[in-house]
Structures are given as structure tokens and as C-alpha cells.
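Good morning, colleagues. Please take a moment with the sequence and the structure, and then I shall turn to the charged side chains and one surface patch.

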Amino acid sequence: TSKYNVLSFFPRNLLLQFSKMANFYFLMMSLMEMYPPISDSGGEPVLAVPLFFVVGLSMIKDAYEDYLRHK
């Protein structure tokens, strides 16, 4: 009943994470932030840190839930 295996977890979960509109929006904003002419932060991806934190926590939660399903 598990959703992932060891090899498919990372790509499938990233696709799942960025299919959520909020995560995709902040990914696009952090990519546009790295383009200096339109950036407020001078090309520094400031939004990338909170985005990676939220996506990372969601991935850990999904991995734990999938482990419990597998067990």
C-alpha cells in the first residue's frame, strides 16, 4: 500500500509538492528573484529558504507516513 519506493520517492514527491499552487508560486517567485534587473534583493534568492524549509518538512512527513503504510 505504500506510495513510493526508495528510488521514486524524491522525484514523485517533488512533483507532488510543486503541483500545489502555493509551492509553485513561491518557486517561480524565488526564480524571478535571482534575475537582478527585476529583483528587490539584488539577485539573492531570499524566498528560497522558507520554500525549501516548507517543502522539506512536507517531504519528511510524506516519507514517514509512507513508511508507516509500508510497515
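Does D66 count as buried or exposed? In this predicted model, D66 counts as buried, because its relative accessibility is 8%, and the cut-off for buried is under 20%.

K61 pairs with D62, the closest N and O atoms being 3.2 Å apart. K61 also meets E65 in a salt bridge, at 3.7 Å from N to O. Helix α3 spans residues 48-70, and because K61 and E65 are four residues apart in it, about one helical turn separates them.

How exposed are the members of this network? K61 is partly exposed, with a relative accessible area of 43%, and E65 is partly exposed at 36%. D62, by contrast, is buried at 10%. In total, the structure holds three salt bridges.

Let me close with the nonpolar surface. M21, F24, M28, L31 and M34 make a nonpolar patch of about 490 Å². Of these, M21 lies in helix α2, which covers residues 21-33. M21 is exposed, with a relative accessible area of 65%.

Technical notes:
Residues numbered from 1 in each chain as written. Predicted model: local features only at pLDDT ≥ 70, side-chain atom pairs only at ≥ 80, totals over all residues. Heavy atoms only, no water. Patch = residues over 30% accessible without salt bridge, like charges linked within 9 Å, V, L, I, M, F, W, Y side chains within 5 Å. Areas by Shrake-Rupley, 256 points an atom, 1.4 Å probe, with all protein chains shown as cover. Salt bridge = Lys/Arg side-chain N within 4 Å of Asp/Glu carboxyl O. Helix = DSSP H or I, 4+ residues; strand = E, 2+ residues; numbered from the N terminus. Buried < 20%, exposed > 50% of the residue type's maximum accessible area, 1.4 Å probe, protein only.
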